[in-house]
Structures are given as C-alpha cells and as structure tokens.
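Subject: Structure handover

Hello,

Here is the structure I said I would pass on. My notes on it follow below.

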Amino acid sequence: MYLNLDLSESEKMLKRTALDFMRREAPNETIKALLETEIGCTDDLWHKIVEMGWAGIIIPEAYQGEGFPLTSAGVLLEALGSGPLPGPYFFSAILGSLIVMEAGIEEQKQEILPNLAEGKQILTLALTEPEYSWESDGVRTKAVEDNGDFVLDGVKLFTPEAKTATHFIVAARTRNNADPVDGISLFLVDSRSDGLSVNRIPGFLSGRSFEIKLNNVRVPGTALIGEKDNGWDGLQQAITKSIPLLCAYKVGGSQAVVEIALEYSRSRVQFGRPIGRFQRVQDMIIEMVNHADAARWTTYEALWKLDTERPAAESIYLTKMISSTAYWEVCTLAHQVISGVSYSEEHAVSFHTRASRYLFHLLGDPAYHRHKLGQLLVPQ
Amino acid sequence: MTEHKGVLIIGEIIEENLAAVTLELLGCGRTLADKLGERLSGLLMGSDTRPHASKAIAYGADKIYIMEDPLLEDYQSDLYLAAVEKMVRRVMPKIVLMGQTPMGRDLAPRLGFRMHAAVLMDCVELDIDTQTGRLLQVRPVYGGNARAVFTSETRPQMATVRSKAMSPLERNSSRKGDIIEIKPEIDPSAMRTKLLEKVKEEVAGIKIEDAAILVTGGRGIGGPEGFEQLEDLAGLLKGAVGATRPVVDSGWCPTSRQIGLTGKVVAPDLYIAVALSGSSQHMAGCSGAKHIVAINSDPQANIFREASFGIVGDWKKALPSFIEKVRELLKE
Amino acid sequence: MELIVCLKQILDPEAPPDSYTIDQEANRIFLPPEIAPVISTFDETALEAALRLKDTHGGRITALSMGNKFVSDVIKKALAVGADELILLEDVSFEGGDAWSTAYALAEAIKKIGRYDIIFCGRQAADWDSGLVGAGIAELLGLPSVTLAKKVDITDKTVTVERVAGDGFEIVKVPIPCLITVSNELGELRLVRLKGVRRAEKIQPTVWKPEDIGADPSRIGSRGRLTTLHKLFKPVKETQCEIIEGEDVAEAAVNLTLRLREAKLL
C-alpha cells in the first residue's frame, strides 16, 4: 500500500481554514461585488490574506516567507478557487514570487521576497502583447539602455490584475537575435511610472485583463531582474512551476460547481422525482465528476513531482490541458443541469463560468500545452 | 426516603409582570399534575410578589410559595441557587420546571448538579408515561435536526421549557389556592458572582416576541444599511424586525433581535424571511410561525423547505416593489 | 494567568439537514464519512475568549477535550490558534455518556491539571445543545460561574463579564478562580494562520486515560449517565413551498403580495 492521495494533517488544517476564510470573508455577495470592480480585491481583503501568511506561502523562511511546499499552496488555491476568489493572489504570491525566486539574483531575492510575503508589493506578469503568444517570439516590447537606466517602449495586452499590482514584471527585448529566446530581459516596473497607462479590456469573459502601454518608460538599472538578455529561461521555469497551482484553483472551482449541480439535482423535483434520478441528468453529473477528478489527480501529481524534485514537465502540460478543459466543461454542464437561474449574474455557477473561460487561455490554452507535450514526448 | 410528590415550577417576574413563559409553565405543569393526580405549586422570588402569586393561581397553580427580599429583585445566581435549592428540598416535588430563559439556562444546570438530579434543557414537549409515571421529556437536538425523548433516573425530575412551546390556561380568577411566604434567609456573603448592572439595548417599536408580523434578515442582507429597508416594511405592517445569528455576530443588529436556538423564540402569524438560508439553528427560533414567506436568491436554501410562499431572486430587487405594492394594498 | 478551555469534537452541525441519518436501534446520529467533525462552535468561541485574555494579559492556555476517536487535524486547531497545551481524555470508556458523566471526567482532569484561574466552556455543545457541562464542572469543583458571556475582562483578581440576557446584557463580577461559559456574541474563533499550522506541527497532544485522572469507572461514559435516551427521531416537515414567479424578480415580488393578500395574510 504505497499510493497515498490523502492530505497531510497540516494540509487538512490549511484547507479547512481557507474554506472558513472564504465563508467569512468572501461569500457569494462579496465575490459578485468584487467581480464588478477593476481591482478584484479590496485593501481590507488583501490585508486579511497577508495576515494569514498566505502571501508568503511558498517563499522560503530565509526570505521572511512561510516556506511551505507547493502542494500546500495547491491546497490553499483549491479552496480559493471554490469561490472563485478574484484578485491578485495567484499572480503576486505564486507567479510573482516564483519569477523572483527563479530569475532574480540574491540581492533581489533579499529585497523583493520579504515585501511580497508582507504584502507590501503586489506583482503581476506583463508578458503577452497584441501578437498574442506565450512564447518568446511574442515579446516585441523594447528596452533600451540609456545612461545606466532602461527605457521601455511597447504594449502589453491581457495583463492580469494590473490595477491592483504595485509592480509589473515586464518581459522586454534588449537585443534582437535570430533565436527569439535570446535577448529577452525582465524588468520590475513600478505601476505608477511616468509614461505608463493601464486600461481595462472590456468583456464579460475577459476576467480582469488590462492593456498596459509603455511609452518611453524609464526605469533604473536595478529594475533589471536577473541577467540582461537572459531572462526567458527563468521566466519559463517560474511559469511552468506556477501552472499546477493555477490548475489547483480550477480544481477548486470545478469541485464547487459539481457540488452545486449535485445538490440541485438531488433537491429539485420535477415529474414527481428529483431530477438527478433521470438518466440524462445523471449522465451529465457523471461527466462532471469525471472532469473534476481528472483535473484534481493530474494537478496533485504534478505538484508532488515538483515537491519531490522529479521531472514534472509532462505532468504540468497534461494538467493544464485537462484542468482547463475540465473547468470549462463542468461549468457548461452545470448550466444544463440547473438551467434558468444559473445564468443569472448572481448565481455562483455564473462566477465560475466567467473564470473558467478566462483561465482557459491564461498561461497557455489546452491546444498550446498539447503541442508542448507532443514536442516533449516525440522530440523533433 | 421521603416521597417526592407534585409539580413545582420556578416562576419569573419580568418588568413587574409574570413572564409569559411562567404562564406557559403553569399551563403545562397543571396538565402534568392532573395526570399524576397531584398538586401544582410554584415559587416566586422578588420584592413585591403577592399580586403575581394570585395571578399564578388564576393560571393554574394550587399553591404559590413566595420569597421576598430586596436582594432577590434581580437574578443573582448564587442567591437564587441557594433559595431554590432550599425550596426544592422542602417541597420534595416529583417534577421541577423552569423556563429556558437567561435565568433558567444559568440556574437549572447548577441546581441539578448541586442536588445530583438530572436536568433536561429546552424541552418542547412534556408528558407522563402512563405505565411508569415518569416524566417523558422531548427536546430538539442537533440544532433541531432531530428530537430526543428522555427520562431522568434521579428525583426530582427537572426540565427547562422552551418559550412558546406550551400554551397557558385561560385565566380563571375564581380559582383558589394558597400563598405561602417563606423566609429566604439570604446570606449575602454566599454571593460570589455579583450582578452589577443591567444594560438594556432598546429596540424601538414592538418587541420581536410580541409581534404578529416579523421581517427577518440574514447574512445575505450584506450590512446594517439593508436593515433600514426591512424596518420600512415592518413599520408598514406594524410588525418588528428580527435577525439571524450571523447578522447579530457581525454587529449589524442588536442581540435582542436575534431569533434562533441561541436567541429568541417567536411564533408570529407571518414571518417574512429575507436573504436568510434557514439553518436549523435559526429555524429552532421561528418554526412556530404560522406562515413563512421566503425571499432568497439561492433556490436550494433550506428556508424554501420551511416556507409556504417564496420568491427566488435578489432581495435588493424584490423588496422595493414588494414594499411599494404592500403600501398600495394597505391603502385600499 | 492560567486558563483552561474545554472543547468538544462533534458532528458538523452545519451539515445539510438531509445528510443526517438516525440509527433507531442504537439511538445515534450519523453523518456521511466525508463530512468531517468540527470543534463545537460555542467551544471555539470560548477558546477565542481565552485567547483575547492571553493577548492582553499574557498567560497560558490549556485546551482540554474528552471523547474517543479524535481527528487530529480537527482538535489540534486549538494549538494552531494559540493554545499552549492540548490534553485529550481519549478512551472508549468515555463514550456514550451524558452531561453528568462528561462534567465529572472533565472536573477530575482539571483537578489533575491543578492550576487554573479561569475555566472556559462553550454555552452549550452544538450537537446536544444542553448547556449543562460548564455549570456541572463549576459545581463539582465548587467554583463560582457566569454563563452566556459575550465579553470577558480581568482586573486584579476580579473578572468582569458581560452576560447576554433578554433585551440587552448584564454586567457581572466574579472572583477568580471561576468558570465562564461563552456565547456566540463574543465572536468567531480567529482563523489558523500559516504560522499556527507550523505551531501545531510542533506540539503533540497529551493523552490521559480514565486511570490517569483517577476516575471512578462507574461515573464515566454510559455507566455514569443520569438520563436515559429512549428515542431519537427526525421531526416531520409538511410544508410545500409555492414559488411565486414573474417576468423578473420585481414582478414576482408584486405577485407575492397579491398571493399573500389572497391568502388573507396581508
């Protein structure tokens, strides 16, 4: 008996606390209200998240973080996804921390990571551009060295939670080279910098994505994270590690939707019996459970591989494909099971539907990850 | 061993009046005493208890003991405990009943442990087992999700009774009974827990336990501002506004408005439940309502299983037109 | 200051009403295994009361619980939020008791702990809802008590308590050592921070068996009961809710008033 999918004592405690937190601080009405804002998270709510220690969950204790393994962070994100709690948490505490940890030099880790853990700095990643791509060849924004400073120029489209972030991690080209990976540098850009404008991209399913225009934005040389021209690998490492945590958030969302639909199918009576007893409805419920479970196990397998330092790339591509599709499908099916009221903007299923559509594309959609997995399994 | 006989109720005088629950205890105590073929007595404590004693007799008691002392004016746990213990040891009843009130919740358990006699709290039905002559005590458990029937293995058999669970008798002023004064012999030095002050949290208008129509809001109201709309509706209907435990715990409403297992028990004719889920703990306080109307955006909310009429939708959209139409109908 | 908080692990009272099943033979209630037990909410509030005193006046909190089959990640929450020690009276012979056997065992354990200024209990357990055990411990230990506290503070050797009562509250003074039962109005137990999760990893509970507290076997568990439970049943609900519809919610609300007028309720 070696296979053990049970959570540890601490993880169970964390899970229960996070669900309690959601019940107290982010009930449906709060989430609905937050979804309508540009910020997705109030100062008060962010302060509470920071107080819990969650902003530093994966940051090592040496940098004033809490030093928990990625699996524990997955448990937390799963609970947050049950809301789904909007806001900058994933982008700053997970992806932002990982970028600094993977790409930053020691001094930068010492300077930035404690600020992230204490919630004083909130990061987001400004990577994609009008030529939408998660690959290095999509980076066209330019950064030119000038008297020890850098001057950035370009447009970053679909930057998440840009109104809440205090700083953007901007991927920009410092050198043109035949190999698109070569010549990309990462910059920590203060969101209040001169020459920088932030505008929300409208749309029911666009989450909180923003267009960031960098019009000759001057940043000091110290804003360069890691080595000049060599930022891409660290960024890729960080994104790859963050993906299963984003998937954990989707697992939480999928699970919540399954539970809502299941409860409805048990209690809603039509033609003299609960609708869940009709085979058509039952089939949909089973399909939902199938999706949610597939997302869960691929996600936790990837996290386990990362925490135990096993090669994890295959599992990560796989879980991004499966979890994104699962969340999307589970929501679609829930609307069919519940119909009517589930389409209203107040209904929790509609929160999830919006999140599932937006997150489907974030950090690469299933087609992209399928392609990556293919390349890995059958190298060119 | 002395034989235990009769039923004794411990009455309460609140704001110069016999408490409603005391009248209910007299009604229920009368029935039990008649089934046993024994007598119903009562105890009243305070400073001017005689008029209340006559009233208690009119409501069913055969005998009322009174204990008068200025120190007994308000409930003081150590003094009341000593006084009631003395009374129970003297009367040696088969059954002792108290109301499930702030006093009963404090006094009954301590009395039970002091006398090594079991107490069953918050009973909603009491009966005599015709075969054994024992007191059958029915109380809700698991927040009202289940009910349990108990008997006590010790004497006297003690219980506290939920308010509004029993009905008082019709007042009959021609009923005869004895009023017996007992010297409380209070020892102030025994008072370790001392009541210093009573703070009233005034609620304007009708008290929730007296209102025929109640408008109650739950956590879904979202904040204290929303309760102003509920006040409007309650004012229009000459009713009162109630609240659930989460609402009170969040400080949106004073404690005196809390309805439920840990708050007040109400039984209005019409109970309008707005943005509350209808947890068992809440329903324990309002299941006596004749008609429940629910407004909630979650069609799966438990309140729809308890309500006779309901709307599924956002209360913020429903309430303004509801209020407007009610105003129109009432003008006709 | 030495504070003791009594905690009970119970079936989750927030579980949906439909999930409760009753075993008529054994007169016991069950929930499906996926619904984890919880610490009784009122006991959590009692723990919060103790933590607030510790925050302002310092001291040590000992959490004490009696039962069988404790779930460690549930009961160790007490340590995670700040209790310094957790003592579990854990044995099969503690099972099946009532308030009398429970108060007896807890009082014996408290005697063994020895030092205490205030003992905190919840106003009632959120499963059987009796509200007897706190008073029972006070009576067995000969301590003064205050029930239904919504605020607790201490100056010198006197505790001032705001006690929930009817249309307001009472201000009550009581000397230490004493026992206080706490009501939900005091506020929810604080959440477990990540630092607390680490804290709970480092402190292991102490387990005491009946013989460790010198308990009289005839007074604990089912043997120590003073009450008999004859029957446990679900109350029957007969209402069928008539959902009032409309083009939109506002119209449904208008239709509702008309329906209520028709039913002579308005």
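I begin with a proline in chain C: C:P235 touches B:G144, B:N145, B:A146 and B:R147, leaving aside residues up to four places away in sequence. Please keep in mind throughout that this is a predicted model. C:P235 sits in the loop between β14 (227–233) and β15 (242–243) of chain C. With a relative accessible area of 28%, C:P235 is partly exposed. Within its own chain, C:P235 is 134 residues from C:S101 in sequence, and the C-alpha atoms of the two are separated by 28 Å.

Chains C and B

The contact between these chains takes in 81 residues of chain C and 80 residues of chain B. Together they bury about 7300 Å², of which 60% is on carbon and sulfur atoms. On the chain C side, the residues that lose the most area to chain B are C:E139, C:D167 and C:L226, which together make up 10% of what that side buries.

As for specific interactions, the rule finds three salt bridges across the interface of chain C and chain B. C:E139 forms a salt bridge with B:R114, where the closest N and O atoms are 2.5 Å apart. There are also 31 residue pairs in polar contact across the interface of chain C and chain B, both residues being at pLDDT 80 or more. Helix α7 (residues 249–262) of chain C gives the largest share of the side of chain C that touches chain B, namely eleven residues. By class, that side of chain C divides into 45 nonpolar, 17 polar and 19 charged residues.

Chains B and A

Here nine residues of chain B are in contact with eight residues of chain A. The area buried between chain B and chain A is about 690 Å², with 49% of it on carbon and sulfur atoms. B:R219, B:P299 and B:Q300 supply 57% of the area that chain B buries against chain A, more than any other three residues.

The count between chain B and chain A is one salt bridge. B:R305 forms a salt bridge with A:E263, and the closest N and O atoms are 3.6 Å apart. The side of chain B that touches chain A has two nonpolar, three polar and four charged residues.

Aromatic pairs

Over all chains the count comes to twelve aromatic pairs. One of them is formed by A:F150 and A:F187, whose ring centres are 4.9 Å apart and whose planes are at 55°, so the pair is tilted. A:F150 lies in strand β3 (residues 149–160) of chain A and A:F187 in strand β5 (residues 184–190) of chain A, so this pair ties together parts that are 37 residues apart in sequence. Both A:F150 and A:F187 are buried.

Another pair is B:Y142 with C:W128: the ring centres are 5.5 Å apart and the planes are at 65°, so the pair is edge-to-face. This pair crosses between chains, from B:Y142 in the loop between β9 (135–141) and β10 (146–152) of chain B to C:W128 in the loop between β8 (118–122) and α5 (133–141) of chain C. B:Y142 is buried, because its relative accessible area is 7%, under the 20% cut-off. C:W128, at 23% relative accessibility, counts as partly exposed. Ring pairs link B:Y142, B:F150, C:Y20 and C:W128 into a cluster.

Two further places in chain C

C:T45 lies in helix α1 (residues 41–57) of chain C, and counts as buried at 5% relative accessibility. C:T45 touches C:V182, C:S183, C:N184, C:L186 and C:G187, again not counting residues up to four places away in sequence.

In helix α6 (residues 194–202) of chain C, the residues C:L194, C:G196, C:V197, C:R198 and C:A200 are buried. The cover over the buried residues of α6(C) includes α1 (9–25) of chain A as well as α3 (77–81) of chain C.

Regards

Key. Residues are numbered from 1 along each chain as its sequence is written. Chains are lettered from A and ligands numbered from 1 in the order in which they are written. This is a predicted model: local features need pLDDT of at least 70, side-chain atom pairs count only at pLDDT 80 or more; totals for chains, interfaces and linings use all residues. Side-chain values use heavy atoms; hydrogens and water are left out. Contact means heavy atoms within 4.5 Å. Buried area is the accessible area (1.4 Å probe) that two parts lose on being put together, summed over both. A salt bridge is a side-chain nitrogen of Lys or Arg within 4 Å of a carboxyl oxygen of Asp or Glu. Ala, Val, Leu, Ile, Met, Phe, Trp, Tyr, Cys and Pro count as nonpolar, Asp, Glu, Lys and Arg as charged, and the others, Gly among them, as polar. Rings of Phe, Tyr and Trp (its six-membered ring) pair if their centres lie within 6.5 Å; planes under 30 degrees apart count as stacked, over 60 as edge-to-face and the rest as tilted. Helices (H or I, at least four residues) and strands (E, at least two) are DSSP runs, numbered from the N terminus. Buried means under 20% relative accessible area, exposed over 50%, partly exposed in between (1.4 Å probe, protein chains only). A polar contact is a pair of N or O atoms within 3.5 Å; within protein, one must be able to donate a hydrogen and the other to accept it, and residues adjacent in sequence count only if both atoms are side-chain atoms.
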